[in-house]
Amino acid sequence: MPQTGTITLTIDSRIDHVFLVGSAVNKICTAAALSEQEAYEAEVSVVEAVNNAIEHAYDNRAGHPVEVVVTVDNDRIVFQVCDWGRTLEWTGERPPAPIVNADDTASLPEGGRGLFIMYAFTDAIDYRRRGAKNVLTLVKHVPRAQAA
Amino acid sequence: MELEQQLENGVMRLKVLERRLDARTAAGLKDKMAELIQAGNWRIALDLSQVQFVDSSGLGAIVSARKQLGSNGDLVIGGACDTLLSMFKLTRLDKVFRIFNQTDDAVAALRQ
């Protein structure tokens, strides 16, 4: 029988604490029968979301909570990344794949890949303001054979 | 940021000794590579064999070094595990960097 349940992970809004959430998410995904690659994809997606909350919602200021609610269901794992900072502009549009010209490294952007990674490595993504709280929801499906 | 550097026949082998190349550690790698490039190291083999996690910040630090090198130098990757490779492929940075299974092969490629 598949294991189900919910856990809430809370860290202070410090970049050097994000590994705690990432490591926990990876272990939870592995326990929920995701492959090593799928667990990595979930981990990096949640880490990008938490980084965004710290950098943009809280302007890199420590002393604020970032909460990650992980719900393991029969066929999916849902991650809700919550902050109580500034609400981000959200179009809901999937970012295009990066354009890379190996002959023109000067034009390569150093940043801006986080949202693309989240979209690519999860099955659904949503961002909403709920009262004073911003909630970024990421969904990762558990493949049927693995969920059974 | 813990790094190990070794100059081999004009090639700088730079090994990342951290398990995570993320927003916490990326700035340290970026600064170190900038320092090495400014000191005249134009050929760098970045050894990622100890790294188990990279996020967009870590990729950004590596891209920053590549941009500084421009057409005068080269930066190649060695020892990356499958999950790290998936990040390079997803972001198409595998089109920018030559990636080798073994760092020794990465160093050898820069000697040629």
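Predicted model: local features only at pLDDT ≥ 70, side-chain atom pairs only at ≥ 80, totals over all residues.
Residues are numbered from 1 along each chain as its sequence is written, chains are lettered from A in the order in which they are written, and side-chain values use heavy atoms, with hydrogens and water left out.

**Stop 1: helix α3 of chain A**

Select residues 114-121 of chain A, which make up helix α3. Helices here are DSSP runs (H or I, at least four residues) and strands are too (E, at least two), numbered from the N terminus. Six of the eight residues are buried, so the rest of the structure largely encloses this helix. Buried means under 20% relative accessible area, with exposed over 50% and partly exposed in between (1.4 Å probe, protein chains only). Colour Gly114(A), Phe116(A), Ile117(A), Met118(A), Tyr119(A) and Phe121(A) to see the buried ones.

What covers them? The cover includes α2 (36-57), β4 (124-130) and β5 (133-141) of chain A, together with α2 (56-69) and α3 (82-90) of chain B. Contact means heavy atoms within 4.5 Å.

**Stop 2: helix α3 of chain B**

Now move to α3(B), where seven of the nine residues are buried. Among them are Leu84(B), Leu85(B), Met87(B) and Phe88(B). The buried residues of α3(B) pack against α2 and α3 of chain A, and also against β5 (53-54), α2, β6 (74-78) and β7 (99-100) of chain B. After the helix, click on Arg92(B), whose phi is positive, near 65°.

**Stop 3: the aromatic rings**

Over all chains, the structure holds four aromatic pairs. Rings of Phe, Tyr and Trp (its six-membered ring) pair if their centres lie within 6.5 Å; planes under 30 degrees apart count as stacked, over 60 as edge-to-face and the rest as tilted.

Select Tyr40(A) and Phe53(B), a tilted pair at 5.5 Å centre to centre with 55° between the planes. This pair crosses between chains, from helix α2 of chain A to strand β5 of chain B. Tyr40(A) is buried at 3% relative accessible area, and Phe53(B) is buried at 2%.

Next, show Phe88(B) and Phe97(B): their ring centres are 6.2 Å apart and their planes are at 90°, so the pair is edge-to-face. Phe88(B) is buried at 1% relative accessibility, and Phe97(B) is buried at 3%.

Finish with Trp90(A), Tyr119(A) and Tyr127(A), which ring pairs link into a cluster.
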